[in-house]
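Biologist: I would like to learn how features are read from a set of coordinates, one feature at a time. Could you take me through what is shown here?

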Amino acid sequence: MQQKTQILLITEMKSQKVSFGEKLGYSLGDVSANLVFQMMVIFQLKFYTDVFGLEGAVAGSVFLFACLSGAFVAPVIGIICDRTNTRWGKYRPWVLWTSLPFCVFYVLAFYNPGIQEKGMVAMYATVSYILLIIMYASNSIPYSSLGGVITGEIRERTSLNAIRFTAVCLAQFVVQGLTLPLVSKFGGAEGNVQQGWSMTISLFALVAFAFLLITFFSTRERIQPPPAQKVNLREDIRRTVSDQPWCSLFVLVLFIFITISLWGTSMNYYFQYNVDQKSLYDFIGTLGLTDAEGEATGFWYSVLDSFDLIAHQPSDAYSIGFSLFNMLGALVQFLGIILLSQFLANKYGKKHTFIVCLFLTALFTAMFYMPSPVDISFIFGLCLLKSLVYAPTIPLLWAMIGDVADHVEYINHRRATGFCFSGMSFALLAGLGIGGALAGAVLSCFGYVSGQNDVQSPTAIEGIRLVSSIIPAILFGIGIIALLFYPISKSYNKKMQSVLAARRQKMIVK
């Protein structure tokens, strides 16, 4: 009997192997999502305050209301996905069905219809952003759930998520590094900011649409609910929300994304108003990214200048300096995911790796309060350190959510992958909204003046420094506390996966 079980387990492991091509195809779907998500985290609030001209508190309220609307829709989407049955599977068809409207609403959320009355501007921003967030949830929940049913083998799932979030770093690199230069370039010599934003977002939307199609056609679902499982919505919800690992991760995801939204948004303001622009200009000059005389030549100069990544005057320092800051951070995260994530998870387990890395991330985040406005090297050094220690947590978070879906099945003999992931999407979207609203509220409280592109008061700058350092570090700390209550250790996970594999093969044999 034991020999038969071992044979079944070996057969199950082989059936869970995923080709590199499928992993890459799946990963492109998250590139698409992050062409949108990174824009929302880094630029959405600043777009509302400095392009739409909304006050910080109003812009933050738009952010909060829209994200909470999407958050409450998320569990419904997860429930519907779990009950979808097509020849393509449960979750894959949703990636296809939502791809076009998702990209269309992305463009509309960054389009200025030319409305002058601020109340109507706020209304347009709210409606367009709600539509984008709902479509984001409708696309990302089935996409994330798909990752939970492509494979259940521990190493394959970690590998899948490592490749996925390596690709995410590419999207992060592009959005965070090239957005402002592209806006400037597409805005033309006359500096048409709205035209620059519209063309940049349209370009990203086209790429996102193409990548979502590739994801749909290149993946397949391998894990199915137990054959005897009957539809019982109330039971699925009750058993999932009472699952301790799910509750721990829910709190973790909520506070991580509050922090990501808060910090990502605030660093945009941090670079424009807190950092000394002359010192920043001199710093990027040491890297060969300035040309005050307009006489530099060469292949790489031409390439960089074509993306408006060469500063011709000190006023260009903010755009190029902030882009460089983001690109270096994305590059280090890329290396950290490749070199550290899977290695650390296999050696120490996901939970322990996550706790240590998140603690170090909180520490380096808090230290952004320390540099003086002219200490550019210190600021960039903190960026590299923070990006490196945070990198391993990025793929591990979503791999752990897949483990939680397995845990619900392990304990209850029922699988509700879509609801597990939609609950996390609720936390993600709520966190995104709360973080953006908190950033806007703090900026207004400290006297930030919207649309004033040159100088802010010392009090406003102090608020910017706080939301870029101390406050997000504290929020990361709450996430660490939540992880202490997460019970799925490395050894526990191995035992759980073995039992689940045996159950599934037993069902197949029957």
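**Reading the features**

Modeller: Let us begin with P487, which is found in the loop between α18 (470–483) and α19 (490–509); helices (H or I, at least four residues) and strands (E, at least two) are DSSP runs, numbered from the N terminus. The model is a predicted one, in which local features need pLDDT of at least 70 and side-chain atom pairs count only at pLDDT 80 or more, while totals for chains, interfaces and linings use all residues. Residues are numbered from 1 along each chain as its sequence is written, and side-chain values use heavy atoms, with hydrogens and water left out.

Biologist: Which residues does P487 touch, not counting residues up to four places away in sequence?

Modeller: Contact means heavy atoms within 4.5 Å, and by that rule P487 touches Q244, P245 and Y492. The C-alpha atoms of P487 and Q244 are separated by 7.7 Å, although these residues are 243 residues apart along the chain. P487 is partly exposed, with a relative accessible area of 34%; buried means under 20% relative accessible area, exposed over 50%, and partly exposed in between (1.4 Å probe, protein chains only).

Biologist: Is T98 buried or exposed?

Modeller: T98, which lies in helix α4 (residues 92–109), counts as buried because its relative accessibility is 4%. Leaving aside its neighbours within four places in sequence, T98 is in contact with M135, S138 and N139. With N139 the side chain of T98 also makes a side-chain polar contact, at 2.9 Å; a polar contact is a pair of N or O atoms within 3.5 Å, where within protein one must be able to donate a hydrogen and the other to accept it, and residues adjacent in sequence count only if both atoms are side-chain atoms.

Biologist: How many salt bridges does a search of the whole structure find?

Modeller: A salt bridge is a side-chain nitrogen of Lys or Arg within 4 Å of a carboxyl oxygen of Asp or Glu, and the search finds seven. One of them joins E22 and R222, whose closest N and O atoms are 2.7 Å apart. This pair links distant parts of the chain, with E22 in helix α2 (residues 20–50) and R222 in the loop between α7 and α8 (233–241), 200 residues apart, and both E22 and R222 are buried. The side chains of K23 and E156 also meet in a salt bridge (3.5 Å, N to O). Here K23 is in helix α2 and E156 in helix α6 (residues 154–186), 133 residues apart, and both K23 and E156 are buried.

Biologist: How should I read aromatic pairs?

Modeller: A pair of aromatic rings is described by the distance of the centres and the angle of the planes. Rings of Phe, Tyr and Trp (its six-membered ring) pair if their centres lie within 6.5 Å; planes under 30 degrees apart count as stacked, over 60 as edge-to-face and the rest as tilted. The structure holds 38 aromatic pairs. Among them, F110 and W197 are stacked, at 5.8 Å centre to centre with 15° between the planes. That pair links distant parts of the chain, F110 being in the loop between α4 and α5 and W197 in helix α7 (residues 193–218), 87 residues apart. F110 and W197 are both buried.
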